Amino acid sequence: MTVMEQRGAYRPTPPPAWQPRMDPAPLLPDAEPYRVLGTEAAAKADPELLRTLYAQLVKGRRYNAQATALTKQGRLAVYPSTTGQEACEVAAAMVLQERDWLFPSYRDTLAVVARGVDPVEALTLLRGDWHTGYDPYEHRVAPLCTPLATQLPHAVGLAHAARLKGDDVVALAMVGDGGTSEGDFHEALNFAAVWQAPVVFFVQNNGFAISVPLAKQTAAPSLAHKAVGYGIRGRLVDGNDAAAVHEVLSDAVRHARAGGGPTLVEAITYRVDAHTNADDATRYRGDAEVETWREHDPIRLLERELTGRGLLDEAGIEAARQDAETMAAALREHMNQDPALDPMDLFTHVYAEPTGQLREQRDQLRAELEAEACTGPEGDTHR
Amino acid sequence: MTTVAVKPATMAQALTRALRDAMAADPAVHVMGEDVGTLGGVFRVTDGLAKEFGEDRCTDTPLAEAGILGTAVGMAMYGLRPVVEMQFDAFAYPAFEQLISHVARMRNRTRGKMPLPITIRVPYGGGIGGVEHHSDSSEAYYMATPGLHVVTPATVADAYGLLRAAIASDDPVVVLEPKRLYWSKDSWNPEEPAPVEPIGRAVVRRPGRSATLITYGPSVPVCMEAAEAARAEGWDLEVVDLRSLVPFDDETVCASVRRTGRAVVVHESGSFGGPGGEIAARVTERCFHHLEAPVLRVAGFDVPYPPPMLERHHLPGVDRILDAVGRLQWEAES
């Protein structure tokens, strides 16, 4: 038989049938971000919830302003503002039960405070006092995370562990648009999906990763669309619509708690202030763009809705303002006190027991401090 | 106490036994990694654990080292004691950000509120004919990271004892498992696998008077062989097996060097910026007046780990160690 004849006799075996693992359609986000305020859905919203959200937004805005002022006075080393993003911050804290966990990024101090952490303790990292000021177990808030997206796998692991133990706990992990480019974002979503972990991934798309706009960050149709690739639900919400963010996140938390697995929620919002006080935002965006977003301000949107429906009057607005001022005054007062730091604490929490090497270095520092106490720092001629 | 025949066992078997005993003793212990479940690990160290304890406690994870260690952080936050496997030394690098930015410093960041009892098992080192990225000695990276303990066994008994101690530790411990010793056998009583060694103690494997070989992990048997060979040259070498790189046992090491007056540090890892430099400096600072010669290093070359056909030229062998020992006759030369 010739080679050609052999080829002619070849009968290809059909490959094993391929089946898609699931229908991607239910996972896809809607074409438009979900909105409540100014729509018919607002009429169905609980007025008490809307009023609470309003009070929290006003307080959050004041907190952002106060913290920014404290950087100018040198009381905070740095403050990444969430002015304009308060609806996301406040809702993230409000949708969780006491037993649930919040995993914030460095920008999410406001969410941490809204969760109940003492405002001064929440600012400890940004003050340069210590790395984490609060006990993570007290309010079930992980330490503010500076590396991008690395807190997301922590949230997955914690939620997974809770489920293994039979505890009804949900983890909500916050990340920015820039963070979605990191490998840890991918690994966290993938692990969560495979394990069906009760996690909500909450992306605040505020338009910029420091200066890099979303268009240079991703080619995806939306960040919420990324969910489909992991086999989880993607949801898109107007991040300046507090009622909508609250509803979408609540739904995602309910879904996770019921065993439905993770959800990726993308909130479209805008960082009105610069990245931090060290950033010059005029180098990468124009005033006109910022003004457009100021028009779509979360407080203004909710205030319009509440006053329009007779749920809030001038006295109510003034009461919220007063409440915020009281909070700001207390924060100012506490932050104006110098923190008391013990240099010996450098060695206290490296290991459960200090190693021999650390004990030697501890003795060295103690001797230096004793010498300094005798002569004062000026007496040190080696400087 | 019943007398049980002391049978030869491999290091891999002792490690499996350590994992099994730790899992049986504490339901919080979870083993996780790529291929650790059904397959039992590519080196079979986790063999049978998924069957015995279920897939929730011995879990095949997606193939992602940062994800494996990152989720282990969250699990440890919730009170579990994860034991993660990194499969091969160079495969651990994607997990370094989690290791350095979180695992090593979570206790410190939270002022003691959130310790992370995570054990990270890393099969490491060369000599098994592995292709690229399968033979790195990455201990210097781990040693340079405050907050981590770093241990590496050289015997079957220590493999058991150190892994048990690592899992029991409330701090993260990197357990560097010398791949080429996985199949080395010792007499070992599986009915009495204890004692569980406290982390941080070196041991004198072979007493001697003329010089100290300071070594660990895969280089310990090589140094023992070199010490035997050196007898013919009239050298009586002491061999110190560090077992723990962090914390470092200055006491045992310096006591030995003070006795012998001469020291050579032997490891596979590169010389420049490697563990030997740190060890030589510590010994010199503490034993200067006892030293008859400079502390020498016999290490791998400062090259990316070579292909298997060349690795025998790279790895510190008996001849290279004996050559260094010869150079310790400083007085005679000067």
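I began with Lys59(A), which counts as partly exposed because its relative accessibility is 27% (buried means under 20% relative accessible area, exposed over 50%, partly exposed in between, with a 1.4 Å probe and protein chains only). The model is predicted: local features need pLDDT of at least 70, side-chain atom pairs count only at pLDDT 80 or more, and totals for chains, interfaces and linings use all residues. Residues are numbered from 1 along each chain as its sequence is written, chains are lettered from A in the order in which they are written, and side-chain values use heavy atoms, without hydrogens and water.

**Salt bridge in chain A.** I found Lys59(A) in a salt bridge with Asp323(A), with the closest N and O atoms 4.0 Å apart (a side-chain nitrogen of Lys or Arg within 4 Å of a carboxyl oxygen of Asp or Glu). Lys59(A) sits in helix 3 (residues 47-72) and Asp323(A) in helix 16 (residues 314-335), so I noted a link between distant parts of the chain, 264 residues apart (helices are DSSP runs of H or I, at least four residues; strands are runs of E, at least two; both are numbered from the N terminus). Asp323(A) is partly exposed too, at 39% relative accessible area.

**Salt bridges in chain B.** I looked up Glu177(B) and Arg121(B), whose side chains meet in a salt bridge at 2.6 Å, N to O. Glu177(B) belongs to strand 7 (residues 173-178) and Arg121(B) to strand 5 (residues 119-124), so the pair ties together parts 56 residues apart in sequence. Both Glu177(B) and Arg121(B) are buried.

Next I took Arg205(B) and Asp241(B), a salt bridge with its closest N and O atoms 3.0 Å apart. Arg205(B) is in strand 9 (residues 203-206) and Asp241(B) in strand 11 (residues 237-241), so this pair ties together parts 36 residues apart. Asp241(B) counts as buried because its relative accessibility is 0%, whereas Arg205(B) is partly exposed at 27%.

**Interface.** I then turned to the contact between the chains, which takes 44 residues from chain B and 42 residues from chain A (contact means heavy atoms within 4.5 Å). In chain B, Tyr78(B), Arg109(B) and Arg111(B) lose the most area to chain A, together 21% of what that side buries. The buried area is about 3,700 Å², with 62% from carbon and sulfur atoms (accessible area lost when two parts are put together, 1.4 Å probe, summed over both). I counted two salt bridges between chain B and chain A. Asp345(A) forms a salt bridge with Arg111(B), with the closest N and O atoms 2.7 Å apart.
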